[in-house]
Amino acid sequence: MRYSRYLIPTLREAPSDADNVSAVLMQRAGMIRKLAAGLYDWLPLGLRTLRKVERIVREEMDRIGGQEVALPVVQPSELWNETGRWKVYGKELLRIKDRKNADFCFAPTAEEVITDLVRRDVRSWRQLPAMFYQFGLKFRDEIRPRFGVMRAREFLMKDAYSFHADDEDAGRFYEVAYQAYQRVFERGGLRFKPVEAQAGAIGGSFSHEFMVLAETGEETIVACTQCSYGANVERAECLAPRPGAPEAPKPLEEVHTPNMGSVVEVSAHTGLPATKFLKTQLYLADGVPLMALVRGDHELNEPKLQTASGAALLERATDDQYRSIAGCDVGYAGPVHLPRWKDPKGQMVTVRVIADRSLEGLVNGLSGANRKDYHLANINAGRDFQPESYKDLRMAVPQDPCPRCAGLVEFTKGIEVGHTFKLGTKYSEKMNAVYLDAEQKSKVMIMGCYGIGVTRVVAAAIEQNHDDNGIIWPLALAPFAVEVIPIEVDDEAVREAANALYKSLWEKGVETLLDDRPERPGVRFKDADLIGIPLRVVISKKTLADREVEFKRRDQPKAERLKLDEALERLVDFAAPASSPPVAAPAAS
């Protein structure tokens, strides 16, 4: 491709609203242009890289027996009502009406649609297992789109869904898909870590996120330094603390705490450490009041609470609801003598209480007294309050031991680029996706789900691979492998040598960009560094006089000289890893 005929509108300065490295560099490098909040045009250079990611993913999905389909992006509400997600998915679901006033949504995911397809056309155990995948646009109406294509409203995603006769086969295939995902990111030249994760709105019993490691990542990863354990901080398990020194229970005592609603304020007033506090937060769990309790030096983990509560919809109580449920302002609620609550229908309801397991066996603790400006001291678990259960509800902290081997953990940053789920029968049971087994008995299919954010992979690769001058593409994802820059474009000998090398590289299958623009060398070198092509070859009168070219890798600081008659072979050898490895035929099911 000749630069002069290719649309690469590089920018010297980043747009003012670009809020992370990849958003800055993708726009400066002429890969994308912003159309509206969370909506982007993909220009030719960016689209080439997007397609590189797509190709790798497609090859690995085909390798494990995936069958590619294309599903509608506009989906009828009836399917979403079957699973109950129409009402609970939230405002990220873009709901639309057609001319007949029928309800539809713009797909953020495709569990309902693929399950509907399979229940209509897969009927026998002989057709299982089966895995179907697609590349398609998704839309999630983010309240604050940010980080360029990293958290855009519209994005390209590969989503795959597997269907199985039993849990054993679903577990076997989950491992197959897990290994395929590792190959995808290894082939992309990315440093990554798979971690245990919350299933979120997709649901299911178990999931892994695949994190590209980057200091600019918005996700926090908890990883053991001594074993293979890793988890998203939202999923990271926290072990129950060791019992403290024996302490005699004291009688309850009300403490006056005027205008002191925080642990810090009350701790300073009473002299008690934060570890003695029961910190409270009120929620509505499917409309029923729920009080969550964690120790005063810990923070509540809402995804863990949602799992522990079993609620489909968990909403934090408003200030008014706080006063209605606990009879006091925020900061003064507690689990002792918690009043019953009158629901909107006038029925008296007992407030649910779930406590973090660090509070089990608590002696002489302190929490709100359920009236303004007062707290209760000497609260004892079992004597003064009894939660319905003790669960792991808190956020992990760096001092926590590894939940697998008790070794040291470290907190790092990452960018989620893939997610795998064990769905079980969450969708198939509600939608009656059944098959006939060998005895002709009807059974519900077991499902798995596997997603990769294709656009996010592009951005994550930049977040992980850049310097002050621009992008440093991994070879497998680079829009071009080689950039040839003739210095004196008007010199016939220089021009002919550059054209000959450019043509020979393409004939050998090496994707090459020829910068034939009549710009100053400095401008072209800056653009080459900005767009991040892995190999740069400079041809000039000076190099030709020695029958040489100047050769520089984008990830190395210094250039070297190559003999002109050796350059082609060296460049082809270097670019060879970018070609696809042999793809094995899918294993028989």
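Start where α2 meets α6. From α2 come I56, V57, E59, E60, M61 and R63. Facing them in α6 are A180, Y181, R183, V184 and R187. By class, that contact holds six nonpolar residues, five charged and no polar. Keep in mind that this is a predicted model.

Now the geometry. Two packed helices are described by the angle between their axes and the distance between the axes. Helix α2 spans residues 44-63, and helix α6 spans residues 167-187. Their angle is about 150°, with the axes 9 Å apart. Angles over 145 degrees count as roughly antiparallel, so α2 and α6 are roughly antiparallel to each other. The crossing of α2 past α6 is right-handed.

Next pair: α1, residues 21-28, and α10, residues 454-464. Here the angle is about 105° and the axes lie 8 Å apart. That makes α1 and α10 roughly perpendicular to each other. α1 brings V21, S22, L25 and M26; α10 brings V458, A459, I462 and E463. The tally for this contact is six nonpolar, one polar and one charged.

On to the cores. Which residues have the most contacts inside the largest nonpolar core? They are M26, M31, M61, F185, W473 and I531, in a core of 58 residues. The helix giving the most to this core is α6, with eight residues. Take F185. Leaving out residues up to four places away in sequence, F185 touches L190, F192, F210, V417, G418, I452 and V457.

Key
Residues are numbered from 1 along each chain as its sequence is written. This is a predicted model: local features need pLDDT of at least 70, side-chain atom pairs count only at pLDDT 80 or more; totals for chains, interfaces and linings use all residues. Side-chain values use heavy atoms; hydrogens and water are left out. Axes are lines fitted to C-alpha atoms, for helices over the stretch in contact, and angles run from 0 to 180 degrees between N-to-C directions. Helices (H or I, at least four residues) and strands (E, at least two) are DSSP runs, numbered from the N terminus. Angles under 35 degrees count as roughly parallel, over 145 as roughly antiparallel, 65 to 115 as roughly perpendicular and the rest as oblique. A crossing is left-handed if the near helix is turned anticlockwise from the far one by less than a right angle, and right-handed if clockwise. Contact means heavy atoms within 4.5 Å. Ala, Val, Leu, Ile, Met, Phe, Trp, Tyr, Cys and Pro count as nonpolar, Asp, Glu, Lys and Arg as charged, and the others, Gly among them, as polar. A nonpolar core is a set of buried Ala, Val, Leu, Ile, Met, Phe, Trp, Tyr and Cys residues joined through side-chain atoms within 4.5 Å. Buried means under 20% relative accessible area, exposed over 50%, partly exposed in between (1.4 Å probe, protein chains only).
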